[in-house]
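Please examine the sequence and the structure shown here before reading the briefing that follows.

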Amino acid sequence: MGTLILYAALIAVFAVTYRLILAYEPILNWWFMFGAKFEKRFFYRPIWGCEKCLAGQIALWTYLF
């Protein structure tokens with residue numbers, strides 16, 4: 001049970017860091033500029049748009065693999 005809480009916390013920290021900090025750094029700025037082209041599509045929010053959606057996607061795919 002403790003490891004699940006730790007994994008959830010690590011995924012949340014990674015998602016927030018990815019979305020709010022790395023999006024504005026030159027390292028990944030090209031990735032978010034590319035994602036801005038798909039703003040009207042259904043897959044925009046889980047990948048680029050929202051840190052909660054991103055954390056959910058990371059948790060889902062980590063669980064499946």
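Met1 lies in the segment before α1 (2–21), where helices (H or I, at least four residues) and strands (E, at least two) are DSSP runs, numbered from the N terminus. This is a predicted model, in which local features need pLDDT of at least 70, side-chain atom pairs count only at pLDDT 80 or more, and totals for chains, interfaces and linings use all residues. Residues are numbered from 1 along each chain as its sequence is written, and side-chain values use heavy atoms, with hydrogens and water left out.

**Surface and burial**

- Met1 is exposed, with a relative accessible area of 75%; exposed means over 50%, buried under 20%, and partly exposed in between (1.4 Å probe, protein chains only).
- Buried residues make up 18% of the 65 residues in the protein.
- The accessible surface of the protein is about 5300 Å², and 73% of this belongs to carbon and sulfur atoms; such areas come from the Shrake-Rupley method with a 1.4 Å probe.

**Fold and dimensions**

- The protein contains four helices and zero strands, in the order α-α-α-α from the N terminus on.
- Along the principal axes, the C-alpha atoms fill a box of roughly 40 × 25 × 20 Å.

**Confidence**

- The average pLDDT (the predictor's confidence in each residue, from 0 to 100) of the protein is 84, and 100% of the residues score at least 70.
- Among the elements, helix α2 (residues 29–35) has the highest mean pLDDT (86), and helix α4 (residues 51–64) the lowest (83).
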